[in-house]
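The following note concerns aromatic contacts and their surroundings. Please read the numbered points alongside the structure.

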Amino acid sequence: MSGGGAPIRSVVARDLRLALRQRSDILTIVLFFALTASLFPFALGPYPDLLQRVAPGVIWVTALLAVLLSLERLFLADYEDGSLELLALSPLPLEAIVLAKTFAHWLTTGLPLTAATPLIALLYDMPASGLAVLLAAMILGTPSLSLIGSIGAALALGARRGGVLIPLLVLPLYVPILIFGVAAVDAALSDLAARPHLLLLAALLAVALPTAAFAGAAALRQAVE
Amino acid sequence: MNRTATSSQQSGSLHRFANPARFLRLAQAVFPWSAGAMALCIAAGLYLGLFVAPPDYQQGESVRIMYVHVPAAWMALFVYANMALASASLLIWRHPLAGLIAKASAPVGTAFTFLALFTGSLWGKPMWGTWWVWDARLTSVLILFFIYLGHMALINAFENPERGQKAAAVLTLVGVVNLPIIKFSVDWWNTLHQPASVTRIGTPAIHSSMLWPLLLMALGFTFYYVTVLILRLRAEMLASRLRAMNRLAAEEG
């Protein structure tokens, strides 16, 4: 394991290093999340009951849009400067590279978004019980967003209008995560069991992991062919 | 490096015409039969459905929307399943015809999905009192519609048509997860949409006077799919032959 793990770790470390050098990219995404989420009180009116009711949905939808914003750069820079071809030629399986790059993507989007969530939840006056479940749901759900998104990002490489294409491909597949992510919080807020919804989110993650690895690798192979 | 790759594809694309040419001959022979069967089945199905079948004791005459709605919904799923099979054989065996079949099926499937949603909406207004509800069956079919649209956008987004077909094939296979969700959504969730009454184990919960027009329409829609598929495949093959000839001409000239 230690022999096979080191190259994977270096792929993750490389992407993290690149992301941390462009720290403003991560900040932009978190800022987008916070700004978009704070638009809703202006649109719906400052009624605490209403805002509390829509908070789980608003937070999930805005987090999902923020992840979408970041998807294009997942493979594009490597594709354009040719390092993707070198990665594809390396003895590492392409599936592992997809998972490594997606993991790095989650560390630089899903994790910061989850970290910023308590602040948004505070603005919407979400009770602590709901917030705890929301955070658990985001920890389980945002990796799936990155994984499904990596398929879309890999498929759109080299396409015309790739940036517009990715949301079109990915958003329909995001719907189950949105449904169960919001349902978990709604259940917690109305004193029902949130556990089944969290388990379903975990199941979605378990399905997304191999799907993204195989589909993403197949798409990358076509892109560098 | 790219240059050599395209020129080796060219020699491949010339000798792969052997197989599509045989397919075209077969399709040419099937075409009049499928077109005729389509016209017969749809005419008989519409006549039986609109004039012979009895009105429903609760829903009255509006139940006749079923004879378009249900077969269209079946076709939406059937065409997608067919596209998924074609996509798999494109990716596994690199069968060039499979990519064209998936490409030619997508607009037909989109149209059937739209028809199912549209007629469902027309049916929902008098029955449920609303054009649309965010019910599990309706929502999952709407997602199917979006996946069809994404497929068509992706397949046309590349300069190289083969790259587009392969990318769209991966998307189609990923989207297959939606099919069981659509099928079982009425059983898994407590939905407004009614559960299946024809494809049940044992006897269908529907009288034969209503079942016949339904099956005839489904058969007619299937023949429509075959007919349109042949037309579209013929056009696609001519277009790709034209592209190959243009490339050859450009290379020689």
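1. B:Tyr225 is buried, at a relative accessible area of 2%. Buried here means under 20% relative accessible area, exposed over 50%, and partly exposed in between (1.4 Å probe, protein chains only). The model is predicted: local features need pLDDT of at least 70, side-chain atom pairs count only at pLDDT 80 or more, and totals for chains, interfaces and linings use all residues. Residues are numbered from 1 along each chain as its sequence is written, chains are lettered from A in the order in which they are written, and side-chain values use heavy atoms, with hydrogens and water left out.

2. Rings of Phe, Tyr and Trp (its six-membered ring) pair if their centres lie within 6.5 Å; planes under 30 degrees apart count as stacked, over 60 as edge-to-face and the rest as tilted. By this rule there are 10 aromatic pairs over all chains. In one of them, the ring centres of B:Phe78 and B:Tyr225 are 6.1 Å apart and the planes stand at 85°, so the pair is edge-to-face. B:Phe78 belongs to helix α3 (residues 66–93) of chain B and B:Tyr225 to helix α8 (residues 208–252) of chain B, so the pair ties together parts 147 residues apart in sequence. Helices are DSSP runs (H or I, at least four residues), numbered from the N terminus. B:Phe78 is partly exposed, at 39% relative accessibility.

3. B:Trp132 and B:Trp134 also form an edge-to-face pair, with 5.7 Å between centres and 80° between planes. B:Trp132 is partly exposed at 28% relative accessibility, whereas B:Trp134 is exposed at 66%.

4. B:Phe114, B:Phe118, B:Phe145 and B:Phe146 are linked into a cluster by ring pairs.

How values were computed: Helices (H or I, at least four residues) and strands (E, at least two) are DSSP runs, numbered from the N terminus.
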